[in-house]
Amino acid sequence: MPDVTENPIIDESIPKSTTNGYETKLENPSTGTSSFYSSEKLRRQWWKESIAYQIYPRSFQDSNGDGIGDIGGIIQRLDHIKDLGADLIWICPIYKSPNDDNGYDISDYTQIMDVFGTMEDVDRLIKCVHERKMRIILDLVMNHTSDEHPWFVESRSSRTNPKRDWYIWRDGKSGGLRPNNWESIFNGSAWEYDKETDQYYLHLFSRKMPDLNWECKELREELYNVTCWWLDRGIDGFRIDAVSHIKKKPGLPDLPNPKHLEFVSSFDYHMNVEGIEEHLREFKSGTYGKYDVVSVGEANGVGADQAVDWVDENNGLFNMIFQFEGTNLWEKTLGALDVLALKRIMTRWEKALEKNGWNALFIENHDKPRIVSTWGDDKEYWRECATAFATFYMLMMGTPFIYQGQEIGMTNVRFPSISDYPDVAAKNFYNLELAKGIDHNEIMQIIYITGRDNARTPMQWDDSLNAGFTTAQQSWIGVNPNYVRINVAQQEKDEHSILNFYKRLIRLRKENDLFTYGTYDLILSSHQQIYGYTRTSDTKRAYVLTNVTDRIAQFTLFQGLSSTQLVLSNLIDSVPEHKDEKSFKFHPYEIRVYIIDYKKKEHHHHHHHHRSAHDKKKLTTMVLQI
């Protein structure tokens, strides 16, 4: 049964209120396109108009033949990112680290991990990025350090050491029990016993990653110094890791434990705890608040209603935050996409932040399996689903982040042995399940679907040995064998490739302010296959229509749409010509984007300007091949 929009008004006219407080100047003499100017509510900012690209440096490009990606390799491949159309690069941690958790365990904030290069390499990278008129942000990890950081080495040396209070130390309970029943996010207890000083230290993550004590003023000031040290070096901001965990519930009490578990999941007492805003406000005013840079918070546990305070345009804590409600559908569905839940979640976030906040948009990162292999179909509809998922999120209000390899549709991998998987979380899971008597093949099936290493196999540049990632015989993690057919070099040559679709999609977003500042409204809200929404300005409305399933989808709109208004399609064949069409039948994972220019329409009507069918067809073809 075809679905219709529940609110016909959204498809019929442009309400005066849709601009949400920004003013528009109808004609920009230099470009002839609609332009948006700052106002009290929604201001132009460079980071709102950016397309971000996330690099996992260990897997991006090796420049010295040791099998591990490095800073020199990133420099070599900057033009790929530039050609894609991205202009803001986020690099996962490159600081000095024993690498217990892929560099998120920092042992020196002002040194670089040996395998990645030197500080001179970083300076060269910053320079090369800026020469290309791009910007660069680093990951900042300030909830914890490595246990090999000099601060912690000092802190654990004695109870009276001046840095003792920089970390969270407690006596055990009588009878040799831990200070409380909190469980670590990485399983087991969140407390580790230190024999030398006969106390326990808190670690929400790995035991080699002790939590910093943000209640200690001296520690906070040192963290601010480190942050400013990097900003003064010329970087353009930070993505701040695990920031919603820095405040712990005062007194560190036991959690309720009705099931009598050995350790209790402890998020309620250390995630987005009351009073965290004070710390974050001080952090901002002492560091990035003084610079023209971008700040992105990884704010697990912050709901859409609270997010407004975190990213408020005038006095928020960050410019934008990553929310995980949408991507957490992966864990809940293990492959089957709940389209209605996705629409509800994304729309709630879009509407919550539309007036004076901002979203960081993403569908992949270094901790999640590949989207074509989870939500999509990486065999029969590989190209179609990769382009469909790209479209549905990249034209929303917010700054889109692309994760390396996503732009060529890289897939999950299936290595035969657990020894092929470097991820400590996968190894722990395997050993725990094996101890329960679960069969090897059964455990591996789960790792194939959910493992973080799916996102960490080397970037697939070409079909030469090791996908062009390294000249070494062996890379630090295996290369996905499908690199021979899925790689950058091959897709650059194919005009219908996923890579070339991403380039067209990014250009469409960049050339139409509508997709940055226009109002987002969900349409077809109860349709179980189509994710449809509009973006509206004073003079234009875009229709973004995406079939996010592997089945044919039928639907009906109130607004008629014509092929002359079609600006993007992912079909290899041209979309059949149509005029004021309201009923649609989409192929599996088909997308279409239409833009109605109301001003143009009036203009053409006024001048009685009519195109011949031949001209219309020519225009449609031109538009599709942008």
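Colleague: How many bridges join strand β14 to β15?

Modeller: This is a predicted model, in which local features need pLDDT of at least 70, side-chain atom pairs count only at pLDDT 80 or more, and totals for chains, interfaces and linings use all residues. Residues are numbered from 1 along each chain as its sequence is written, and side-chain values use heavy atoms, leaving out hydrogens and water. Strands (E, at least two residues) and helices (H or I, at least four) are DSSP runs numbered from the N terminus, and two strands pair if DSSP finds at least two bridges between them. β14 covers residues 294–298 and runs parallel to β15, and the number of bridges is 3.

Colleague: In β15, what is the bridge partner of G297?

Modeller: The open sheet of 8 strands has the order β15-β14-β12-β7-β4-β3-β17-β16. Within that sheet, β15 (320–322) is an edge strand, pairing on one side only. The partner of G297 in β15 is I321.

Colleague: Why is strand β19 largely enclosed by the rest of the structure?

Modeller: Buried means under 20% relative accessible area with a 1.4 Å probe, protein chains only; exposed means over 50%, and partly exposed lies in between. I530, G532, T534 and T536 point one way from β19, while Y531, Y533 and R535 point the other way. β19 (residues 530–536) is largely enclosed because its buried residues number 7 of the 7.

Colleague: Which residue in β20 stands opposite G532?

Modeller: A hairpin links β19 to β20 through 3 residues. The two strands run antiparallel and are joined by 7 bridges. Opposite G532 stands L545.
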